[in-house]
Structure formats: structure tokens, C-alpha cells
Amino acid sequence: MTKKSIPLLMFIFLTLSFIAPGCDDDDNNKTNWERYADWRNKNNDWVEQQANRTGADGKTLYTKYQPRYDQTQFLMRFINDTTETAENLRPMYTSTATVNYAVYLYDGTRIDSAASYTSQLSSQGLIKGWSEIITRMHVGDSVEAILPYVLGYGSSGATGVYPYSALRFNIRLTDVPYYEVRP
């Protein structure tokens with residue numbers, strides 16, 4: 001190989017590196033909206049089915065809640081008798097809360113769980129719906145909550161979570177450390 005052929009090979013390599021991406025299959029050119037359309041539709045249908053589920057008494061299992069900042073509703077049902085916990089502490093949006101939780105995809109795949117997980121509810125790293133759920137609970141409450149993808153990981157997803165994934169949480173609020181009572 002001569003010194004004159006090196007620039008020519010570099011030119012060919014660079015030219016191919018710009019042309020080759022245009023030769024990919026159509027799937028790489030699809031947006032997440034198109035690529036995950038089937039998954040998104042299944043998740044949305046599942047959330048709607050959960051919203052319409054009824055118990056043996058004929059009443060709907062879940063109560064619909066709507067965050068103040070978003071038109072998207074989420075579903076929540078208390079597992080415990082809330083009259084027994086009504087006098088317990090209730091976290092505010094700026095509180096730190098300790099919970100036990102497990103989170104699942106619509107198909108039942110468990111994607112995360114923790115015993116004694118503590119976080120500040122206004123933290124940037126949390127999904128939108130997390131604080132909405134926790135601030136509606138009192139210490140000692142256990143809930144099952146359904147979040148549509150908009151209040152979960154959204155259209156981009158996360159490690160182990162596809163974009164447009166609805167989430168089912170099982171949460172027990174165990175403490176509100178550092179709770180400050182002001183007169």
C-alpha cells in the first residue's frame with residue numbers, strides 16, 4: 001500500500017459511512033410511536049380494562065385520580081381499611097417518604113421492588129405519578145395503583161421498561177421521616 005492510496009481509502013471509507021445508514025431497513029427509520037404502536041395499544045387497553053373492573057359487590061375496584069398538572073388520570077385502590085390510618089401522617093409533595101413497593105408491567109412482569117425505599121417526593125429522578133400516589137396515602141396505607149405511560153416512563157422508557165409502558169404498583173407507606181409539624 002502506497003502513501004497515495006491511504007487518502008483514497010479514507011475517502012471511500014468516509015463516503016460509505018455516510019451512505020450506509022440510508023440503506024438500513026425501515027424499522028430503524030420508524031419513530032418510537034410507530035415502533036411501539038402494538039405495545040402502546042395493549043398497555044392503553046389494559047389501563048382501560050382496569051378502570052372498568054368491578055369487585056364482587058359490583059363497585060369499581062379503582063378510584064380515578066387526576067394530577068393538578070396533567071389531564072391524564074391514574075387509578076388507585078386502597079388495600080387496607082383507611083379509617084384505621086386516617087389520623088396517621090400524610091406526606092406532602094416536599095416530604096421524604098419510606099415505602100415498600102413492587103412495580104409490574106401490564107403483562108405481570110416485575111421490573112423493580114424494594115423494601116424500605118426512601119426518597120424525597122419532589123426529586124427530579126422520580127416518575128411523575130410516584131409523588132401523586134404517595135401524597136394521597138397515610139402512613140400504614142397499602143395501595144395498588146395503575147399509572148398510564150404518560151405518568152410513568154413516558155415515550156422513552158427506561159432500562160428494562162419499554163416506551164409507552166403502563167405500570168402497576170403495590171405500595172405500602174411505612175414512614176414519613178423528618179416530618180415537621182409547624183404551629
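**Entry 1: the core**

I started with the largest nonpolar core, which has 28 residues. Trp130, Ile133, Ile134, Phe169 and Ile171 have the most contacts inside it. A reminder to myself before going on: this is a predicted model.

At least two residues each come from β2 (74-78), β3 (96-105), α4 (128-134), β5 (142-147) and β6 (167-175). Which of them gives the most? It is β3, with five residues.

**Entry 2: isoleucine 134**

I picked isoleucine 134 and asked what it is in contact with, leaving aside neighbours within four places in sequence. The list I got is Pro91, Ala97, Val99, Leu121, Ile171 and Leu173.

**Entry 3: a nonpolar patch on the surface**

Then I went to the outside. Leu89, Met92 and Tyr179 form a nonpolar patch on the surface, and together they have about 250 Å² of accessible area.

Leucine 89 is in the loop between β2 and β3. Its relative accessibility is 34%, so I wrote it down as partly exposed. Methionine 92 is also found in the loop between β2 and β3. With a relative accessible area of 45%, methionine 92 is partly exposed.

What does methionine 92 touch, not counting residues up to four places away in sequence? I found Leu121 and Thr135. I noted one distance as well: the C-alpha atoms of methionine 92 and serine 131 are separated by 8.8 Å, and these two residues are 39 residues apart along the chain.

**Entry 4: salt bridges**

I counted five salt bridges and looked at some of them in detail.

Aspartate 38 is exposed, at 51% relative accessible area. Lysine 42 is partly exposed, at 40%.

Next came lysine 128 and aspartate 70, whose closest N and O atoms are 3.9 Å apart. Lysine 128 lies in helix α4, while aspartate 70 is in the loop between β1 (63-65) and β2, so this pair ties together parts that are 58 residues apart in sequence. Are the two partners buried or partly exposed? Lysine 128 counts as partly exposed at 43% relative accessibility, but aspartate 70 counts as buried at 13%. The cut-off I needed here is that buried means under 20%.

The last pair I opened was glutamate 144 with arginine 77, and their closest N and O atoms are 3.2 Å apart. Glutamate 144 lies in strand β5 and arginine 77 in strand β2, so the pair ties together parts that are 67 residues apart in sequence. At 10% relative accessibility glutamate 144 is buried, whereas arginine 77, at 23%, is partly exposed.

Which residues are linked in a network of salt bridges? I found Arg77, Glu144 and Arg168.

How values were computed:
Residues numbered from 1 in each chain as written. Predicted model: local features only at pLDDT ≥ 70, side-chain atom pairs only at ≥ 80, totals over all residues. Heavy atoms only, no water. Core = buried A, V, L, I, M, F, W, Y, C linked by side-chain atoms within 4.5 Å. Buried < 20%, exposed > 50% of the residue type's maximum accessible area, 1.4 Å probe, protein only. Helix = DSSP H or I, 4+ residues; strand = E, 2+ residues; numbered from the N terminus. Contact = heavy atoms within 4.5 Å. Patch = residues over 30% accessible without salt bridge, like charges linked within 9 Å, V, L, I, M, F, W, Y side chains within 5 Å. Areas by Shrake-Rupley, 256 points an atom, 1.4 Å probe, with all protein chains shown as cover. Salt bridge = Lys/Arg side-chain N within 4 Å of Asp/Glu carboxyl O.
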